[in-house]
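Student: Could we go through this structure together? I would like to start with the strands.
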Amino acid sequence: MEMSKRRIPTLEELAPMPGRYPLIPDLTPRQEVALLCRALHREGYDDHIAGHITLAEPDGSFLVNPWELAWDELTASDIIRVDASGRVIEGAWNVTPAIGLHLAVHQRRHSLRVVIHNHSRLGSVWAASGRVPPVYDQTSGQVDEDPVLYDEYAGTVDGAEEAQAAADALGQGKWALLKNHGVFIVADNIRQAHLRAITLEHRCRLAWQVEMLGGGQPITNPEALRVVQMSDPMGFPFLWEAMARREIRLDPSVLD
């Protein structure tokens, strides 16, 4: 039986009250990338200096976190800019050799603005096992497809062939587990990228905990998750703003 299509309400419909103050200050693209790095580090994207986020700019360049700095220490002024070939054209740091993985995806899917790669704590466990974690709760099911499992690990993704192969495996997907490596997430904007990244790590973490305990029952009926999956196109309402505010409270210098 085919399910009826549910209309996704606007944020104005969901929350018509204006609030007492703006939920988040106006942010520059560099500030958004820095805040996303900080917020995801707190969620388990914390493999030392590993990992990179690219944000596509209208002029064809890309903002990216620098190779040398951990995600919990960088600020907006540390974010560098690279051209379409991955060459640094603005900033005082260096770019990761694995930038080719991001560029390969950006080049074939121009609507995507954000690409994330890291070795998240529990995402890496499931990637190493070569398994996609089941959905055990509604938070795990906020994105309406399973991660792609790319199971042809050939070392790091700093070579052109490896990058193209990983991009091919992702196809038109939203996220992937790279076997024996880590996770890969793409999105249309920062808010959506944040939701997808934390949803994937939550799904991996809860599935590991449930299966360690034993006796869990995954959610297999798509109808049960239809409402929460309405969040994915827009990013869960107000979640990104709340997590960004937390990072600003903890360390206002992130915006410098």
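Tutor: Two strands pair if DSSP finds at least two bridges between them; strands (E, at least two residues) and helices (H or I, at least four) are DSSP runs, numbered from the N terminus. This is a predicted model, in which local features need pLDDT of at least 70, side-chain atom pairs count only at pLDDT 80 or more, and totals for chains, interfaces and linings use all residues. Residues are numbered from 1 along each chain as its sequence is written, and side-chain values use heavy atoms, with hydrogens and water left out.

Student: What stands opposite A176 in β7?
Tutor: V148 does. Strand β6 (residues 148–150) pairs with β7 in the parallel sense, over three bridges.

Student: And how many bridges join β7 to β8?
Tutor: Four bridges join them, and these two strands run antiparallel. L177 stands opposite V183 in β8. Three residues lie between the strands of this hairpin, where N180 takes a positive phi near 60°.

Student: Which way do the residues of β7 point?
Tutor: W175 and L177 point one way, A176 and L178 the other, and all are buried, that is, under 20% relative accessible area with a 1.4 Å probe, protein chains only.

Student: Changing topic: at what angle do α2 and α7 cross?
Tutor: Helix α2 (residues 29–42) and helix α7 (residues 239–250) cross at roughly 90°, and their axes, lines fitted to C-alpha atoms over the stretch in contact, come within 9 Å. The helices are therefore roughly perpendicular (65 to 115 degrees) to each other.

Key:
Buried < 20%, exposed > 50% of the residue type's maximum accessible area, 1.4 Å probe, protein only. Axes fitted to C-alpha atoms, helices over the stretch in contact; angles between N-to-C directions. Parallel < 35°, antiparallel > 145°, perpendicular 65-115°, else oblique.
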